[in-house]
Amino acid sequence: MPHFHHATDHSYLSVRKNSFFLDWQTQPNAFKCYPHFYPRFSIEEYEELDELHLIGAITYSKEYPSGNHLLRSVPSAGALYPCEIYIQIRSIKGLLDGVYHYEPRSATLVLLHELNKDGVEYSFPHQTQQKGLIFLVSTLYFRSAWKYRNRAIRYIFLDSGHQLGAISAYLELVQHDFSIGFDFDKLALNEAFGFRNDELFTLSLSTHAPSDKMVTKLTQKLPYVAGSDYLENNDFIQQAYTQSATYHDNPISCRFFEGVDREVLREAIVQRRSIRAFRMESITQEAFEWIMHGIVAFANAHDIDIFYTIHRIEGMEMGLYQNGVLVASGDFSQKSRYLSLEQNLGGQSAFTLYFTSHESQKYQKVTILSGFIAHILYLRATIKGIGCSGIGAYYDEECKAFLKTRNNILYLLAIGK
Ligand SMILES: Cc1cc2nc3c(=O)[nH]c(=O)nc-3n(C[C@H](O)[C@H](O)[C@H](O)COP(=O)(O)O)c2cc1C
C-alpha cells in the first residue's frame, strides 16, 4: 500500500497528540462558480436530462448558529464537499455538443467549451467519439484538507466514490447503461481544464454509445477559475495524487437497483441522510441479505475485501465475518465502537463494515470503489427504512490487528436502526 496511506494513519496516540484548532469561520466555499458570462442552461428544460439534477442536488438545509448548511444527495466527510462534476454532452436535443460544469445550487449546466471534432475522449484509451454523456468527477482537495489536513487524501477519493454512486443511481433511475472508467489521462485533462494543481480529476463515467469516429484533443485550454474563495496548496496531497493517478484498468459495468421501483429509488436518492444516532434496534436477516446482495462479490472482483461485525440482526450469529464467512463468533460491538475512534455509531449499529484492500498500484481505484459501494449500501438501507453512516475516522493499525489482515483499511460503514 502506498506510503502516503500509512502516513495518514490514526492511532490512539496520534489523535490525542493532535492540537490542531479549526476555526469554522475560515471554511472555504464549497461551490465552484464560473463567471456570469458563461451560457447557463437549466436542466429541467431538457426532457432527455430528466432527473439529472439528482447527481448532486441540495436535499436538506441544516441550521447552525454559524449559518445554513446545505446538504446534498451525496454524503461527504465533514460535509465539506470537495467534488465537482463536469459533463461532456453530445446529441442531446436542444443542447449544443459541449463540455459543461454542473452547478448543484441552481441545477444548471454551464457551457465551458463547444465541441467540434474534439472531445475529452482523446484522453481515453479508445479515443473514439461517444454519444451521450461523459461524466468527469474532480476534487478540490483544499475543501477537505482545510479540516483533515493530509488525511484528506483518503476523503477526496472516498467522496469521489460516493459521487460516482450518486451519478450511477441517477443513470439506473433513468435506465441508461453506463460504464465506469479509471484508465484515462487524468493529468492531461487537469491541464486541459485549466486546473492549477488545486483541482484533480479522479474518475469518469460514460453512457454507452461508442462510434468509430476519432476525436482530437480539446482545441482550447479552459481558463483557470478558482474553485473556492481561497485555496491553499498541500504538497503531500498533490504528490500522493500524482503518484497514484496513472494505471491501466478495464471499464466497469454494473447495476445495483435492478427490480427496484423507479419511485422508490427516486425517493431513496432524495431522502438519503447519514444517521447521527442509532436506537439500537435489530434488523431482519431478510433486510440484511437484500442490502448486501451482490456486494461482496463485486468488491472481491475489484480487490476489496469486506469484513463486518454483526451486532443485532435477527437470526444471524453475532461475530466477525470476512467476505461473508463467519471467522469469529462473539459480541464485537464494543470493539467496533472503539476502533471507529470511539464513535457510538460503530458499535450501536446492526452491523459495521470494514472496507480493506492489499492493492497498491490501483490505490485510487480501490478507495474510490469503497466509497462507491458504501453509497449503494446507503441507498439500499434507505429503501429498507434503515439508517447508515460512513466512518472515515478509525484506528488503522488496531483495525488490522482485530481483523487479522495485512490489508489496509480504507473505510468503515455503520448500518442499523
Ligand atoms: C468519507 C466519509 C467519512 C465520514 N466519516 C464520518 C465519521 O467518521 N463520523 C460521522 O459521524 N460521520 C461521518 N460521515 C458522515 C458525514 O458527516 C455526512 O455525510 C455529512 O455530515 C453530510 O450529511 P448527510 O450524509 O446526512 O448528507 C462521513 C461521510 C463520508 C462520505
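# A guided look at strands, domains and a ligand shell

Visitor: What makes E2 and E3 a hairpin?

Guide: There are 2 residues between E2 and E3, and the two strands form a hairpin. The names come from DSSP runs, numbered from the N terminus: helices are H or I runs of at least four residues, and strands are E runs of at least two. This is a predicted model, where local features need pLDDT of at least 70 and side-chain atom pairs count only at pLDDT 80 or more, while totals for chains, interfaces and linings use all residues. Residue numbers start from 1 along each chain as its sequence is written.

Visitor: How do you know that E2 and E3 are joined?

Guide: Strands pair if DSSP finds at least two bridges between them. E2 and E3 run antiparallel and are joined by 6 bridges, so they pass that test. Look for Ile 58, which stands opposite Arg 72 in E3.

Visitor: Why does Ser 66 count as exposed?

Guide: Ser 66 lies in the loop between strand E2 (58-64) and strand E3 (67-72). A residue is buried with 20 or more other C-beta atoms within 10 Å of its own, exposed with 12 or fewer, and partly exposed in between; the C-beta atoms are placed from the backbone. Ser 66 has 9 other C-beta atoms within 10 Å, so it is exposed. From C-alpha to C-alpha, Ser 66 is 29 Å from His 10, and 56 residues separate the two in sequence.

Visitor: Is Tyr 81 buried or exposed?

Guide: Tyr 81 counts as buried because it has 24 C-beta neighbours inside 10 Å. Tyr 81 sits in the loop between E3 and E4.

Visitor: And why is Ala 107 called partly exposed?

Guide: Ala 107 has 18 other C-beta atoms within 10 Å, so it falls in the partly exposed class. You will find Ala 107 in the loop between strand E5 (98-103) and strand E6 (108-114).

Visitor: What is the phi of Tyr 81, and what is that of Ala 107?

Guide: Most residues other than glycine have a negative phi. Tyr 81 has a positive phi, near 50°, and is not a glycine. Ala 107, also not a glycine, has a positive phi of about 50°.

Visitor: Which strands form the open sheet of 7 strands?

Guide: The order is E1-E6-E5-E4-E8-E10-E9, with antiparallel pairing. Strand E1 (40-42) and strand E9 (178-181) are at the edges because each has a single partner strand, which leaves one side of each without a neighbour in the sheet. From one strand to the next, the twist averages 30°; axes are lines fitted to C-alpha atoms, for helices over the stretch in contact, and angles between N-to-C directions run from 0 to 180 degrees.

Visitor: What joins E9 to strand E10?

Guide: E9 and strand E10 (residues 199-207) run antiparallel, joined by 4 bridges. Ile 180 stands opposite Leu 205 in E10. Helix H4 (residues 152-173) packs on this sheet, where it touches strand E4 (83-90), strand E8 (132-140), E9 and E10, and its direction makes about 25° with that of E10.

Visitor: What makes E14 and E16 edge strands?

Guide: They belong to an open sheet of 6 strands, ordered E14-E13-E12-E15-E17-E16, with antiparallel pairing. Strand E14 (325-329) and E16 each pair on one side only. The average twist here is 20° from one strand to the next. On its paired side, E16 is joined to strand E17 (residues 408-416) by 5 bridges, and the two run antiparallel.

Visitor: How do you know that domain 1 and domain 2 touch?

Guide: The domain assignment gives domain 1 (3-244) and domain 2 (274-416); such bounds come from an automatic or database assignment. The contact takes 24 residues from domain 1 and 25 residues from domain 2, where contact means C-beta atoms, placed from the backbone, within 7 Å. H4 gives the most to the domain 1 side of this contact, with 12 residues.

Visitor: Why does the ligand lie between the domains?

Guide: Both domains give residues to the shell around the ligand, so it lies between them. The ligand is surrounded by 18 residues, and the closest are Pro 75, Ala 77, Ser 274, Gly 390 and Gly 392; a residue is near if its C-beta atom, placed from the backbone, lies within 6 Å. H4 and strand E16 (387-391) are the elements that give two or more residues to the shell, and H4 gives the most, with 4 residues.

Terms used: Contact = placed C-beta atoms within 7 Å.
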